[in-house]
Amino acid sequence: MSLRKLSRNAPCPCGSGKKYKQCCIRKDFDWLEDDEGNVFKSLPLSDDMKEALDQQRQEFVDEHGREPEPDDLLFPDMPHHEHMEHRMIEAMKKAGINPAIIYAVEQTGRLVSEANEHLLSDKERDEWNAAIEEYYAKHGSQELPEYPVGTVALYGPDNKTTTKIVAGVLLGDDAEPILERWVGTDVTVNPKVQNRIKVFFAKHGVKSVTAVDQNMGCPHEEGEDFPVGGDCPFCPYWKGRQGSNASF
């Protein structure tokens, strides 16, 4: 199947009603079209992701003796999308994430932040904002958190050993979390780490803190140490137990 860039004068696939050249052509992604007229969104891959995919392709070749075809699964053990999303939602609830954000994830199927906003079309961004507004319209301001809000999440190679703490500060509904990370075998009992977390929260005027009392996943970073949506090769305990890593 051959793919080509969508014509500049074609209607933009995002549904804005504008021509492609007047809409998503300015975004940090491309719309591609195949020989049958089907349109696909093409997102840029990081170098780490390219390396991970190439490694997975090679493992497929080593096992099957041929290159993967379009219908082959490079990640056959990956949990179903709906199951992964459910686990991510549960992790967000445990971490004390703003319920309006959680509602928007459930409604749109995506988690929007400053880090990935440039990869969204105008329509996708509008859908996200509309979901946030809809939540507040239904539940009112009494459920809004009092900002700044602090969060503490734990990570480790299994469910008993914690080797990483991630503290976050949310200054507002649409603000990107401010993060600090600490790693070590004694990270949960190290008095210096505990003091630095307190100083971190005090620096940003945190008014309330939500913390989890168990590990949410492995300490490695999805998209950096292992492929997005995949299993961490360094932490076998978490195989099939975590979808998208919820470490903010």
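Predicted model: local features only at pLDDT ≥ 70, side-chain atom pairs only at ≥ 80, totals over all residues.
**Stop one: two helices.** Select residues 99-108, which make up helix 3, and then 122-139, which are helix 4. Their axes come within 8 Å and cross at roughly 125 degrees, so the two helices are oblique to each other. The crossing is right-handed. Now show side chains: on helix 3 you'll find contact residues including Pro99, Ile101 and Tyr103, and on helix 4 they include Trp128, Ala131 and Tyr135. By class, this contact has 11 nonpolar, 2 polar and 3 charged residues.

**Stop two: along helix 4.** Lys138 counts as exposed, at 55% relative accessibility, while Glu134 is partly exposed at 33%. Both residues also belong to the contact with helix 3.

Jump to Glu67 and Arg57, whose side chains meet in a salt bridge (2.8 Å, N to O). Glu67 sits in the loop between helix 1 and helix 2 and Arg57 in helix 1, so the pair ties together parts 10 residues apart in sequence. Glu67 is partly exposed at 45%, and Arg57 is partly exposed too, at 23%.

**Last stop: a buried pair.** Select Lys164 and Glu221, joined by a salt bridge at 2.5 Å, N to O. Lys164 is in strand 5 and Glu221 in the segment after strand 7, 57 residues apart. Are they buried or exposed? Both are buried.

Definitions and conventions. Residues numbered from 1 in each chain as written. Heavy atoms only, no water. Axes fitted to C-alpha atoms, helices over the stretch in contact; angles between N-to-C directions. Helix = DSSP H or I, 4+ residues; strand = E, 2+ residues; numbered from the N terminus. Parallel < 35°, antiparallel > 145°, perpendicular 65-115°, else oblique. Left-handed = near helix turned anticlockwise from the far one by under 90°. Contact = heavy atoms within 4.5 Å. Nonpolar A, V, L, I, M, F, W, Y, C, P; charged D, E, K, R; others polar. Salt bridge = Lys/Arg side-chain N within 4 Å of Asp/Glu carboxyl O. Buried < 20%, exposed > 50% of the residue type's maximum accessible area, 1.4 Å probe, protein only.
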